[in-house]
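The following note sets out numbered comments for a colleague who intends to work from the coordinates. Please read each point beside the structure.

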Amino acid sequence: MSGLVIAMLLAMLDNMIVAPALPTIVGDLGGLNHLAWVTTGYILASTVATPIWGKLGDLLGRRITFISSIAVFLIGSVLCGLSQDMGQLIGFRALQGLGAGGLMVGVMAVLAEIVPPRDRGKYQGVMMAVMPIAMIGGPLVGGFITDNLSWRWAFYVNLPLGVAALAVCWFTLAKLPRRGAGKVRIDWTGSALLTTWITALVLITSWGGTEYEWASPQIIGLAVVTVLAFIAFVIVERRVVEPIMPLSVFRNRNFTLAGTLSFIVGFAMFGGMTFLPQFQQFVQGASATNSGLLLMPMMISMMVTSLAGGALISKTGHYRALPIVGTVLMAAGLALFATMGTDTSKTLTSLYMVVLGAGMGCLMQTTMLIAQNSAPLRDVGAATGAATFLRNMGGSLGVSLLGSVYANTLTDTITAEAGSGAASGSAARMTPELLRSLPDAARHLFQQAVTDGVGAVFTWAAVIAATGLLIALAIRHVPLRGFADAKEQPAPAEEQVAAAV
């Protein structure tokens with residue numbers, strides 16, 4: 001557990017530490033137009049790598065694949081710190097993302113290997129409690145490094161944690177079963193097709209409406225590639241002996257529902273919460289560092305709920321109520337944020353965060369537990385990778401699509417009052433420091449525009465989250481397995497019959 005906690009912290013801290021250093025990195029390396037790809041390259045690579053690492057763990061064993069993912073992440077971190085231009089940094093961030101995908105799925109898959117589902121809730125609760133530490137501590141560490149050291153230490157800081165995780169996992173995971181003694185068949189064709197359609201889809205959501213018009217040949221071409229590669233991927237996965245993402249797990253009712261709920265959680269949560277700092281900084285006047293600290297009520301609420309929910313599941317063996325309560329609380333919290341105005345106080349915002357955090361705490365670990373409990377033990381890595389993949393895809397699409405909603409609503413508000421020229425100029429160049437120097441009328445107009453944009457984002461996020469309630473209600477209670485049950489788990493079709501009974 002100590003090694004897994006360190007690895008989880010390593011994966012979650014990285015983006016939080018790097019974010020405050022990005023303005024300094026751009027000033028040093030240049031390439032402002034490519035700034036978004038420092039983050040996009042990392043997210044894209046980790047999303048693509050997640051199901052691949054999960055399946056490799058099923059084929060080769062958890063220990064070797066998990067340790068390899070840590071090593072890849074550390075190599076990428078060192079190379080990022082040594083980057084001499086933006087092109088190198090983006091490429092090395094992608095390499096770092098490949099390792100990060102293995103860290104996230106590896107932690108949950110190793111847990112599935114060493115702890116039976118019946119007792120796994122409290123352990124996964126501990127893992128989810130790492131997120132508040134990362135989200136609160138990351139910006140503080142990143143800001144301190146940027147102000148007092150070179151930005152390169154934002155990447156080098158990963159080395160002590162990574163080496164500690166490597167050392168602990170090398171020794172403590174030595175007793176995990178080893179696989180791959182015979183001939184191992186790796187689904188390279190499926191991996192290539194998976195990479196192709198995910199990359200094309202992420203590029204559509206990243207470039208559509210910003211770099212290119214939605215009806216442009218580039219976006220239409222990417223859409224065609226996405227559809228064709230996805231169809232080919234499904235055909236290949238149905239035929240190969242060891243598919244990189246076994247489609248058989250989706251025949252299980254609970255797995256499909258849990259995966260869909262994970263996608264909705266990712267879309268609503270990450271898509272909505274990405275834009276809350278905009279409101280905090282532009283409207284409530286918080287600094288970049290303080291806006292991270294202002295998220296503390298949500299993080300503490302999520303941590304408490306996650307730990308309590310995990311303990312409850314381990315004690316009673318019942319979990320069905322948690323996703324139902326979680327979706328209600330998440331939708332309610334997002335709806336409350338949609339009501340914010342320019343005069344909304346930080347205290348009231350904090351109360352909204354408590355509600356949203358409680359919903360997230362009920363959902364994050366429970367959806368993963370249901371997904372793992374619904375898959376055969378031999379496919380638990382692939383199932384974990386698929387569930388994590390769906391949540392990451394939901395987050396990526398949520399940030400991209402809701403980002404378009406935010407930008408368009410903000411621009412429309414300014415255009416209605418000051419004209420299209422002022423709208424394009426204000427939205428593109430505005431910073432919190434510049435906003436404070438504007439005349440009162442211009443400052444209030446931009447603050448109202450930000451409020452309208454954030455309100456539209458949270459409204460759509462709440463609607464998406466509300467659809468998750470229908471999914472949560474459809475989940476059936478299937479008893480959590482112990483290890484003895486896991487070894488004799490029935491086929492997916494038999495599970496559905498048992499669940500129906």
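1. The side chains of Asp440 and Arg443 form a salt bridge, with an N to O distance of 2.5 Å; the term denotes a side-chain nitrogen of Lys or Arg within 4 Å of a carboxyl oxygen of Asp or Glu. A search of the whole structure finds one such bridge. Asp440 and Arg443 are separated by about one helical turn, because they stand three residues apart in helix α20 (residues 440-474). Helices (H or I, at least four residues) and strands (E, at least two) are DSSP runs, numbered from the N terminus. Asp440 is partly exposed at a relative accessible area of 48%, whereas Arg443, at 18%, counts as buried. Buried stands for under 20% relative accessible area, exposed for over 50%, and partly exposed for values in between (1.4 Å probe, protein chains only).

2. On provenance, this is a predicted model, in which local features need pLDDT of at least 70 and side-chain atom pairs count only at pLDDT 80 or more, while totals for chains, interfaces and linings use all residues. Residues are numbered from 1 along each chain as its sequence is written, and side-chain values use heavy atoms, with hydrogens and water left out.

3. On confidence, pLDDT is the predictor's confidence in each residue, from 0 to 100. The chain averages 78, and 82% of the residues score at least 70. Mean confidence is highest in helix α15, at 92, and lowest in helix α22 (residues 492-500), at 40. Over residues 483-501 the pLDDT stays under 50, and the model has 27 contacts beyond four places in sequence for this stretch; contact here means heavy atoms within 4.5 Å. Where pLDDT is low, the predicted coordinates should not be read in detail.

4. On overall architecture, the chain has 22 helices and zero strands. Of its 501 residues, 54% count as buried. Among contacts in the chain with a separation of 6 or more, 84% join residues 24 or more positions apart.

5. On aromatic pairs, the count comes to seven. Rings of Phe, Tyr and Trp (its six-membered ring) pair if their centres lie within 6.5 Å; planes under 30 degrees apart count as stacked, over 60 as edge-to-face and the rest as tilted. Trp197 and Phe233 make a tilted pair, because their ring centres are 6.4 Å apart and their planes stand at 50°. This pair links distant parts of the chain, with Trp197 in helix α9 (residues 188-207) and Phe233 in helix α10 (residues 217-239), 36 residues apart. Trp197 and Phe233 are both buried. Phe337 and Phe458 are stacked, at 5.0 Å centre to centre and 25° between the planes. Here too the pair links distant parts of the chain: Phe337 belongs to helix α15 (residues 321-338) and Phe458 to helix α20, 121 residues apart. Phe337 and Phe458 are buried. Ring pairs also link Trp197, Phe230 and Phe233 into a cluster.

6. The charged end of Arg63 sits over the ring of Trp170, 4.4 Å from its centre. The criterion is NZ of Lys or CZ of Arg within 6 Å of the ring centre and within 35 degrees of the ring normal.

7. Helix geometry may be checked against the expected span, which is 1.5 Å times one less than the number of residues. The 28 residues of helix α16 (residues 346-373) should span 40 Å, and the end C-alpha atoms are 41 Å apart, which agrees. Helix α16 is largely enclosed by the rest of the structure, because 21 of its 28 residues are buried.

8. Thr327 lies in helix α15 and is buried, with a relative accessible area of 1%. Beyond its neighbours within four places in sequence, Thr327 is in contact with Leu261, Leu363, Ala465, Gly468, Leu469 and Ala472.

9. What is the relative accessibility of Asp14? The value is 0%, so Asp14 counts as buried. Asp14 lies in helix α1 (residues 2-18). Leaving aside neighbours within four places in sequence, Asp14 is in contact with Tyr42, Phe73, Arg93, Gln96 and Asn158.

10. Ala474, in helix α20, is partly exposed at 23% relative accessibility. Ala474 and Asn254 are 220 residues apart in sequence and 8.4 Å apart in space, C-alpha to C-alpha. Leaving aside neighbours within four places in sequence, Ala474 is in contact with Arg253 and Leu257.
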